[in-house]
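Reader: I am new to this structure and would like to go through it slowly. Could you show it first and then take my questions in turn?

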Amino acid sequence: MRIGIVLLLSLLTSGCQLQQQVKEIFAEPKPEPELDCFIGRERLSGLLIQEGSYLEATVQTRKMMLTQAMSADDFAQSALLLSQPASIAADLEKSLQQFRKQALRPSLECPGDRYVMLRYAQAKLLLKEKQQSIHLQRENNALRKQIEALTQIEQEISRDREISQ
């Protein structure tokens with residue numbers, strides 16, 4: 001009986017606190033403040049759809065899509081379209097310029113911004129790879145020319161020996 005009275009007294013004295021806690025439990029959850037992402041989920045979805053369309057399009061349609069994105073100053077879209085794996089080095093350089101113009105927030109709550117940042121990093125690596133490939137191709141061509149020149153000199157030396165014998 002004493003325990004019941006003690007519980008009743010403690011409930012009465014803490015009634016206001018208990019009432020507040022009950023209100024908090026059953027109240028509708030407050031919406032968390034939305035982080036100001038530069039590329040929201042809907043925008044990301046649109047960018048991905050455009051990118052897919054671009055990959056499946058003809059060369060003429062690709063040019064038109066890229067021109068539209070560039071003229072609209074849509075930095076994210078033009079950067080993504082220019083930075084495809086099959087792009088040439090000049091297009092990759094343009095894409096990096098477009099990526100730099102696009103403001104981004106690299107937060108976990110901003111998957112669109114993070115996707116664009118990931119593609120920016122990928123474009124930098126692709127450009128580096130293309131530049132290395134161009135450099136190696138030039139070296140290869142220079143070595144081929146040297147080999148051809150040496151082969152020609154060797155043939156001339158062989159002819160001169162035959163003539164002198």
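Predicted model: local features only at pLDDT ≥ 70, side-chain atom pairs only at ≥ 80, totals over all residues.

Reader: How many helices and how many strands does the protein have?

Author: Helices (H or I, at least four residues) and strands (E, at least two) are DSSP runs, numbered from the N terminus. Read from that end, the elements run α-α-α-α-α-α-α, and the count is 7 helices and 0 strands.

Reader: What percentage of the residues in the protein is buried?

Author: A residue is called buried under 20% relative accessible area, exposed over 50% and partly exposed in between, with a 1.4 Å probe and protein chains only. Of the 165 residues in the protein, the buried ones make up 22%.

Reader: Which residues form a disulfide?

Author: A disulfide is counted where two cysteine sulfur atoms lie within 2.5 Å, and the structure holds 1. One partner sits in the loop between α2 (15-26) and α3, the other in the loop between α6 (89-101) and α7 (111-164), 73 residues apart. With their sulfur atoms 2.0 Å apart, the partners are C37 and C110.

Reader: Is the disulfide of C37 and C110 left-handed or right-handed?

Author: C37 counts as partly exposed at 25% relative accessibility, whereas C110 is buried, with a relative accessible area of 0%. The torsion about the S-S bond of C37 and C110 is about -80 degrees, so the disulfide is left-handed.

Reader: Which element gives the largest share of the lining of the largest pocket?

Author: A pocket is an open set of points on a 1 Å grid over the protein atoms alone, where a 1.4 Å probe fits, with protein on both sides within 12 Å along at least five of seven lines; lining residues have an atom within 4 Å of a point. The largest pocket holds about 260 Å³ of space and is lined by 14 residues, with Y54, R62, L81, S87 and D91 nearest its centre. Two or more lining residues come from each of α3 (41-56), α4 (59-71) and α5 (75-82). The largest share, 4 residues, comes from α4.

Methods. Residues numbered from 1 in each chain as written. Heavy atoms only, no water. Points joined across faces, edges and corners; volume = space filled by probe spheres on them.
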